[in-house]
Amino acid sequence: MAGGRNVLRKLIIEARVNEFMLRSQGNPHVPYTPEEITRDAVACRDAGAAILHFHARKPDGAPEHDTKSYAETVRRIRAASDILVHPTLGYVTLDEGPERRLSHILEMAKDPAGSPHFAPADMGSVNVDRYNEQARRFETTNLIYKNSTETLTYFTREIRAAGLKPYLVSWTIGFTRYIDAFMTMGLIDEPAYICFCLTDNTWLGGHPGTLRGLQAHLDFLPKDKAVEWTVVNFGGNLFALAGAIIQLGGHISIGLGDYAYPELGQPTNAELVRRIATLARELGREIATPEEAKTILGMEGKSRAGMAA
Ligand code: ZN
């Protein structure tokens, strides 16, 4: 696939299918097992998604940390679809050392048929206790998503060495400034792919899911470096912002992992992706295929997964 302006202007849609969301939290379509996640991957690709983000889960929805489950899921997805795969590191393992947190990704990257394309690095630390507004209290009081500078140096070096694209998550402006510094230090290649993790309702650690919350991030993007950015609204509805993101040249990351979307009935992940794709086309922006997303993100010829595909 050749590059060029038309490809660069296309919208990358990422489906964030499950995170740690439970079906009992409002939407029965949250996928848990490798089979269910793969089914969603295929449906979301058909609807316009170029990237799939997932967390391995046990059949009852509990988090699954076993490398085998991650590897099985990635192999299944890649056998069924050309969608680009982005597994989590998982913040529940945050008390483990950086080697343990990244180990399942590095293990999978050795397998050409089972390698993911991205590995996430949240470029700073943040409190991730859930706030219950009605009860006026936090449900937990000691959950810190802890990523020291040393850990981030290790992550970015190892992710590059494994031939994967770092998926750089920014919760607040300080994270974005870290990304700028890591690019200056030569630890992150251009174009950087930055995900602004806006947070709403029960989550207070990020900027709010509003235009001003997003604009504050954009004001602090590295000025002299190539960057592509996408937006998540963790805990809230992303549609109010979607039109602005599409017109400002960003990309969109959406799914039932972040929010159950009760306003829309009980949509599936693919239905959310299809709505975004329709909105983008109405606003004059075409949707990137997985191959085109690789061009936009500078992943051609770099990733082992790409070469094997
Ligand atoms: Zn995630």
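**Figure 1. Glu19, His53 and His55 hold the zinc ion in this predicted model.** Let's start at the metal. The zinc ion is coordinated by two OE donors of Glu19, together with NE2 of His53 and NE2 of His55, at 2.0 to 2.4 Å. The angles among these 4 donor atoms run from 53 to 135°, and the site is irregular. For four tetrahedral donors, the ideal angle at a metal is 109.5 degrees. Water is not among the atoms, so sites may look incomplete.

Figure 2. If you like to read sites along the sequence, the donors follow the spacing E-x33-H-x1-H. How accessible is His53, buried or exposed? His53 has 4% relative accessibility and so counts as buried, the cut-off being under 20%. Glu19 is buried as well, with a relative accessible area of 9%.

**Figure 3. Helices H4 and H5 pack with their axes within 10 Å.** Here helix H4 (residues 98-109) meets helix H5 (residues 149-161), and their axes cross at roughly 15°. Angles under 35 degrees count as roughly parallel, so H4 is roughly parallel to H5. The crossing of H4 past H5 is right-handed. On the H4 side, the contact is made by Pro98, Glu99, Arg101, Leu102 and Leu106. H5 contributes Thr151, Tyr154, Phe155, Glu158 and Ile159 to this contact.

**Figure 4. Glu19 and Arg136 have positive phi angles although neither is a glycine.** Most residues other than glycine have a negative phi. Arg136 has a phi of about 55° and lies in the loop between strand E6 (131-132) and strand E7 (137-138). Arg136 has 73% relative accessibility, so it counts as exposed, whereas Glu19 is buried at 9%.

**Figure 5. A cis peptide bond joins Glu190 and Pro191.** Most peptide bonds are trans. At the bond between Glu190 and Pro191, omega is about -10°. To find the spot, look in the loop between helix H6 (173-184) and strand E10 (192-199), where Pro191 is located.

Note on methods. Residues are numbered from 1 along each chain as its sequence is written. This is a predicted model: local features need pLDDT of at least 70, side-chain atom pairs count only at pLDDT 80 or more; totals for chains, interfaces and linings use all residues. Side-chain values use heavy atoms; hydrogens and water are left out. Donors are N, O and S atoms within 2.8 Å of the metal (3.2 Å for Na, K and Ca); water is not among the atoms, so sites may look incomplete. Four donors count as tetrahedral if all angles lie between 85 and 135 degrees; four count as square planar and six as octahedral if opposite donors are over 155 degrees apart and all others between 65 and 115; anything else is irregular. Buried means under 20% relative accessible area, exposed over 50%, partly exposed in between (1.4 Å probe, protein chains only). Axes are lines fitted to C-alpha atoms, for helices over the stretch in contact, and angles run from 0 to 180 degrees between N-to-C directions. Helices (H or I, at least four residues) and strands (E, at least two) are DSSP runs, numbered from the N terminus. Angles under 35 degrees count as roughly parallel, over 145 as roughly antiparallel, 65 to 115 as roughly perpendicular and the rest as oblique. A crossing is left-handed if the near helix is turned anticlockwise from the far one by less than a right angle, and right-handed if clockwise. Contact means heavy atoms within 4.5 Å.
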